[in-house]
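Visitor: I should like to go through this model step by step, with the reasoning behind each answer set out.

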Amino acid sequence: MNFERVWALVERDMRKFFRSPALMVSSLLFPLVQLIVLGYAFGGKIKGAKVAFVDQDHSVLSRQVREMFDGVATGPATFRVVDYDSQAQAVDDLRAGFVRGVVELPQHFSQKFYDHDRPEIAFSEDNTDQVMASALEGELQDIVTALNAPATEPRLDGQVELDVVEVYPYIEYAKYLLAGSTAMAIFIVAMIGGGITFIDDKSRGLHEGYLLTPIKKSELVTGLIGAGALKGLMAGMSIVIIGGMIVGIPGLWDPVRILYLSLVTLVASIAMISLMFVAMVRVSDPLVPRAVFGVLNMLLFFPSGAISPIEGFPKWLRWMSVVDPFTYTVHALRNLTVKNTGIEGIYMDVLLLAGFSALMIGISIGLFKRQI
Amino acid sequence: MNAIEVEHLVKRFGELVAVNDISFTVASQEIFGLLGPNGAGKTTLIRMMTTLTPPTSGTARIDGHDIRTDADGVRHALGVIPQAFTSDPELTAMENMLIHAKLYGVPSETRGPLIIKLLESVDLMKFKDALVGTFSGGMRRRLEIARGLVHSPRILFLDEPTTGLDPVSRANVWEMIRNLRDKSELTILLTTHYMDEADKLCDRIAIVDHGKLAALDTPSRLKDSTPGTDVVEAEFGNAPPDWHEQLKTLAAVKAVTEHDHVSHLASLDGPATVAALMDLARAEHVTVRKVSVQSTTLDDVFLHFTGSDLRDATHTATYDVSRFYK
């Protein structure tokens, strides 16, 4: 392989890349917007949800329960309580979306409570919104547990308690999403550089100029993938740094961490651009990469665990995540950004991405047509 | 040794035979023209000779390198200026030249001076740092020619070098090709569908029509091979049915053909034929709407060998093989 020829193609692409800010802006803008909007829209704690409270017991105990609800409203502020006289009206408002849940203390609640006769608090929830429903259920369960607690603690407590140790400080969702947004930036560069620009150059006849020279197809493919990988590295690291500063990743400027982040971003860029080459190497119609952009994004981004854990996926989607280079990119980048692991947290991902890249480059060279 | 040897080249695209058993040779330092209308097979022929398209059968040797077995040797020997612009519009002229010099492996110590010399020779030195996307068609074609010479090839292929250019740019490109012939030892093969271009530039011309070689010779011999030295073109009104037979009997007339209601009289003495024609028309009460006399041109040669006018063939070509290149 003649590396001067390979580098000539890299040089060509890099000059064009730096000359045209469009690719840089488009590769950075979408992931940053995604990180900021999606990162802060998802994963935050529910606050200020309106919950209807219908007291049909009108007892001292029911007032105590009502005060416990007020305690939540002034403490974690998950919800604020709105009193209703009519249970039917409260349910109507729940269905209409004016309140997010209805708590009802039925008649004789206190009597049953003191009689130990299975007293019940009714909670009607809008289960079309699972996030809201589970947050409200959690708070209500805490209130019920507090009600059930004995007035005096036994001297020897025989109940099993779960002692939760959080290994890392609380991670906001935006920090969790940073790895996915970085992978997205790399994907956009791969899509534009490896797909759209490649086919546009082909249809404009620029490739014919290169095919007339003694360049070998392995050199051509390596040069084009190399240029794409460098662009992916720049876009990916820009998102890591800018996004990391926005979401507040501590210790971001640690040189060793930057080195590992660069390594992961580079192999991920090679993997994605070479995957794109395999998909586009025989395509001539400039509309094709534009048409499949959204589909590829959906197929690669969402199964990767970029926005939610893979363990929550159905089996078929988990299999997609296994063959998706995004998965290993997101895993390695997340280990570095939110956990700050060393090489031990990324080496397997790097090896898998490198192996995937080698396979894709080999297939690209095999599929590339030296003649027209 | 011949610079180019083409032996029975054939290219089929399914049912369509784009190049049909073409053979010819081009001597060293010759300017050789492939003349034919769009769709005649010229570009396909060039693409096979430049290793861009594999031939269905036959072969060619470029500077002794076989296109089938030594594609790299062919690519090193050739400078190619394709019909479409292939220089990168988002790079400057200098950058385009540099990148191609690297792709051809031009040594770094000679690269810079050579590129400057080439850009000067095509009068683009003052635009060396301008983006190619801002160039006019003529400037871009000149840059492509300079770029095709960056590795000092022995043979230069120009595929329709002046197509789409304005008359001034065409004249500039012609001047440049003449200079290349005069000042270097290049062998030049060019394709064109312009008669005047082939006539003015080429030492020898191959007429290609429907993928076949219709004629091959020097421009003057091709003209001589048509009957007569002059062509009288005339348009008549009220001509009797045997009018063409009568025209053949006129003084110095060697042949009469008709195309688009215009009679073409190949004559050994144009003025004498015109005088006789006017006398005959008066006697037969035939109206002469238009008459002209000119020396035989390559257009007449093309008409003679292919049976159709080149301009018409260009405009009415029934197939366009470019769709197969996608």
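Visitor: Does N96(B) count as buried or exposed, and what is the reason?

Guide: This is a predicted model, and the answer is computed from its coordinates. N96(B) lies in helix α3 of chain B. A residue needs 20 or more other C-beta atoms within 10 Å of its own to pass the threshold. N96(B) has 27 C-beta neighbours inside 10 Å, and therefore it counts as buried.

Visitor: Which residues does N96(B) touch, not counting residues up to four places away in sequence?

Guide: Contact here requires C-beta atoms within 7 Å. The C-alpha atoms of N96(B) and T86(B), 10 residues apart along the chain, are separated by 9.8 Å. Beyond the excluded neighbours, the residues that N96(B) touches are S87(B), D88(B), L91(B), V132(B), L143(B) and R147(B).

Visitor: Which element gives the most to the side of chain B that touches chain A?

Guide: The contact involves 25 residues of chain B and 23 residues of chain A. On the chain B side, α2 (71-77) and α3 (93-103) each supply at least two residues. With five residues, the element that gives the most is α3(B).

Visitor: How many nonpolar, polar and charged residues are on the side of chain B that touches chain A?

Guide: For the complex, the predictor gives an ipTM of 0.75 and a pTM of 0.77. Sorted by class, the side of chain B that touches chain A has seven charged, seven polar and 11 nonpolar residues.

Visitor: Where in chain B is confidence lowest?

Guide: The mean pLDDT of chain B is 85, and 94% of its residues reach 70 or more. Confidence is highest in strand β4 (residues 57-62) of chain B, at 95. Over residues 311-326 of chain B, pLDDT stays under 50, although the model has 21 contacts there beyond four places in sequence. The lowest value, a mean of 46, belongs to helix α12 (residues 310-316) of chain B.

Visitor: Why should such a region be treated with caution?

Guide: The stretch of residues 311-326 of chain B has pLDDT under 50 throughout. Where pLDDT is low, the predicted coordinates should not be read in detail.

Visitor: What share of the residues in chain B is buried?

Guide: Chain B contains 12 helices and 14 strands, and its C-alpha trace spans about 80 × 45 × 35 Å along its principal axes. Among its contacts with a separation of 6 or more, 69% join residues 24 or more positions apart. Of the 326 residues in chain B, the buried share is 44%.

Visitor: Which strands stand at the edges of the six-stranded sheet of chain B, and why do they count as edges?

Guide: The sheet is open, has mixed pairing and runs in the order β6-β7-β8-β3-β9-β10 (chain B). The twist averages 15 degrees from one strand to the next. Each edge strand has a single partner strand, so one side of each is left without a neighbour in the sheet; these strands are β6 (78-81) and β10 (212-217) of chain B.

Visitor: What is the bridge partner of I205(B) in β10(B)?

Guide: Strand β9 (residues 204-209) of chain B pairs with β10(B) in the antiparallel sense, over five bridges. Within β10(B), the bridge partner of I205(B) is D217(B).

Visitor: Which residue of β2(B) stands opposite F13(B)?

Guide: An open, antiparallel sheet of four strands has the order β2-β1-β4-β5 (chain B). Its edge strands, each pairing on one side only, are β2 (16-26) and β5 (65-66) of chain B. Strand β1 (residues 4-13) of chain B pairs with β2(B) over seven bridges. Opposite F13(B) stands L16(B).

Visitor: In chain A, how many residues of strand β3 (residues 101-105) are buried?

Guide: G101(A), V103(A) and L105(A) point one way from β3(A), whereas V102(A) and E104(A) point the other way. β3(A) pairs in the parallel sense with strand β1 (residues 49-55) of chain A, and in the antiparallel sense with strand β4 (residues 122-125) of chain A. The strand is largely enclosed by the rest of the structure, because its buried residues number five of the five.

Visitor: Which residues have the most contacts inside the largest nonpolar core?

Guide: This core has 146 residues, and its largest share, 17 residues, comes from helix α7 (residues 173-203) of chain A. Beyond its neighbours within four places in sequence, A183(A) is in contact with residues including A268(A), F326(A) and L333(A). The residues with the most contacts inside the core are A183(A) and F187(A).

Notes: Residues are numbered from 1 along each chain as its sequence is written. Chains are lettered from A and ligands numbered from 1 in the order in which they are written. This is a predicted model: local features need pLDDT of at least 70, side-chain atom pairs count only at pLDDT 80 or more; totals for chains, interfaces and linings use all residues. Two residues are in contact if their C-beta atoms, placed from the backbone, lie within 7 Å. Ala, Val, Leu, Ile, Met, Phe, Trp, Tyr, Cys and Pro count as nonpolar, Asp, Glu, Lys and Arg as charged, and the others, Gly among them, as polar. pLDDT is the predictor's confidence in each residue, from 0 to 100. A residue is buried if 20 or more other C-beta atoms lie within 10 Å of its own, exposed if 12 or fewer, and partly exposed in between; C-beta atoms are placed from the backbone. Two strands pair if DSSP finds at least two bridges between them. Axes are lines fitted to C-alpha atoms, for helices over the stretch in contact, and angles run from 0 to 180 degrees between N-to-C directions. A nonpolar core is a set of buried Ala, Val, Leu, Ile, Met, Phe, Trp, Tyr and Cys residues joined through C-beta atoms within 7 Å.
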